[in-house]
Amino acid sequence: MDHTLTRTLVRNILEHADDYPWTMQEIGLLGLRLDDRREHRLHVWGPSYSVGEPPVHDHPYDFTSTVVVGELTNTRYVEDPGGVEYQRVRYPLADEDARTTDTVRLSATPAVVRAGDEYSQLAHELHDSRQLPGAVTIIRMSFRDVSTLTVCTPVDAPWVSGWSRPATPDEVTTIIGAALEHFELNP
């Protein structure tokens, strides 16, 4: 889809944010499903709402993420005996409370992704992302037959749930406000 058309459609959604059922995740992610098949989702990022540092994680789907406004740094991780030690938590997709924990050493490769750019990840690839406040992305997902998910954090870091909850009106107003500033600064 044309980037100008995408920006226009997204801005229209954001300007009428109260009309939509936003969800919030503890990684500072305000999300909105864009279709009933769960293939497209709008993400508006509020890093100050994150509980701790963004965790290194994988997904139950392959995805491509397009930055509509703002920017983010997507960092990919691979196992490396000389890498940094992380606490690795694995759990069944249907039950994040049934966790097993060990440690793993990972090395990282960051990449900055700006408005109009996109990046893709396979379900099994570990990554984290750090966004400018108000960055907006559209993610296109293709679900895979994944039975276990992985989250890696600094050793002894507290568990941060991957589940979403309904966003509060304050979260929507504050995070969407930062996103709309990006549209004003970069028309």
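Student: Why is Ser65 called buried in this predicted model?

Tutor: Buried means under 20% relative accessible area. Ser65 has 3% relative accessibility, so Ser65 counts as buried.

Student: Where is Ser65 found, and which residues is Ser65 in contact with?

Tutor: Ser65 is found in strand S5. Leaving aside neighbours within four places in sequence, Ser65 is in contact with Asp117, Glu118 and Tyr119, and also with Thr137, Ile138 and Ile139. Contact here means heavy atoms within 4.5 Å.

Student: Why does Leu30 count as buried?

Tutor: The cut-off is again under 20%. Leu30 is at 0% relative accessibility, so Leu30 counts as buried. Leu30 is found in strand S2. Not counting residues up to four places away in sequence, Leu30 touches several residues, among them Trp22, Leu42, Val44, Val172 and Ile176.

Student: What is the distance in space between Leu30 and Val89?

Tutor: From C-alpha to C-alpha, Leu30 and Val89 are 24 Å apart, and in sequence they are 59 residues apart.

Student: What makes a set of residues a nonpolar core, and which residues touch the most other members of the largest one?

Tutor: Members must be buried residues of the nonpolar kinds listed for a core, joined through side-chain atoms within 4.5 Å. The largest core has 20 residues, and those that touch the most other members are Leu14, Trp22, Leu30, Leu42, Val44 and Val136. Two or more residues each come from H1, S2, S3, S5, S10 and H2. H2 gives the largest share, 5 residues. A second, separate core has 8 residues, including Tyr61, Phe63, Val67 and Met141.

Student: Why are S8 and S12 said to stand at the edges of the sheet?

Tutor: The open sheet has 7 strands in the order S8-S5-S10-S3-S2-S1-S12, with antiparallel pairing. S8 and S12 each have a single partner strand, so one side of each is left without a neighbour in the sheet. The twist averages 30° from one strand to the next.

Student: How do you know that S2 and S3 pair?

Tutor: Two strands pair if at least two bridges are found between them. S2 and S3 are joined by 6 bridges and run antiparallel. Gly31 stands opposite His43 in S3.

Student: What describes the packing of H1 and H2 against one another?

Tutor: Two packed helices are described by an angle and a distance between their axes. For H1 and H2, the angle is about 140° and the axes are 10 Å apart. Their crossing is left-handed. Arg7, Val10, Arg11, Leu14 and Glu15 in H1 meet Ile176, Ala179, Leu180, Phe183 and Glu184 in H2. These contact residues divide into 6 nonpolar, no polar and 4 charged.

Student: What makes S9 largely enclosed by the rest of the structure?

Tutor: In S9, 5 of the 6 residues are buried, so this strand is largely enclosed. S9 is joined to S6 by 6 bridges, and the two run antiparallel. Leu126 in S9 is the bridge partner of Tyr77.

Technical notes
Residues are numbered from 1 along each chain as its sequence is written. This is a predicted model: local features need pLDDT of at least 70, side-chain atom pairs count only at pLDDT 80 or more; totals for chains, interfaces and linings use all residues. Side-chain values use heavy atoms; hydrogens and water are left out. Axes are lines fitted to C-alpha atoms, for helices over the stretch in contact, and angles run from 0 to 180 degrees between N-to-C directions. Helices (H or I, at least four residues) and strands (E, at least two) are DSSP runs, numbered from the N terminus. A crossing is left-handed if the near helix is turned anticlockwise from the far one by less than a right angle, and right-handed if clockwise. Ala, Val, Leu, Ile, Met, Phe, Trp, Tyr, Cys and Pro count as nonpolar, Asp, Glu, Lys and Arg as charged, and the others, Gly among them, as polar. Buried means under 20% relative accessible area, exposed over 50%, partly exposed in between (1.4 Å probe, protein chains only).
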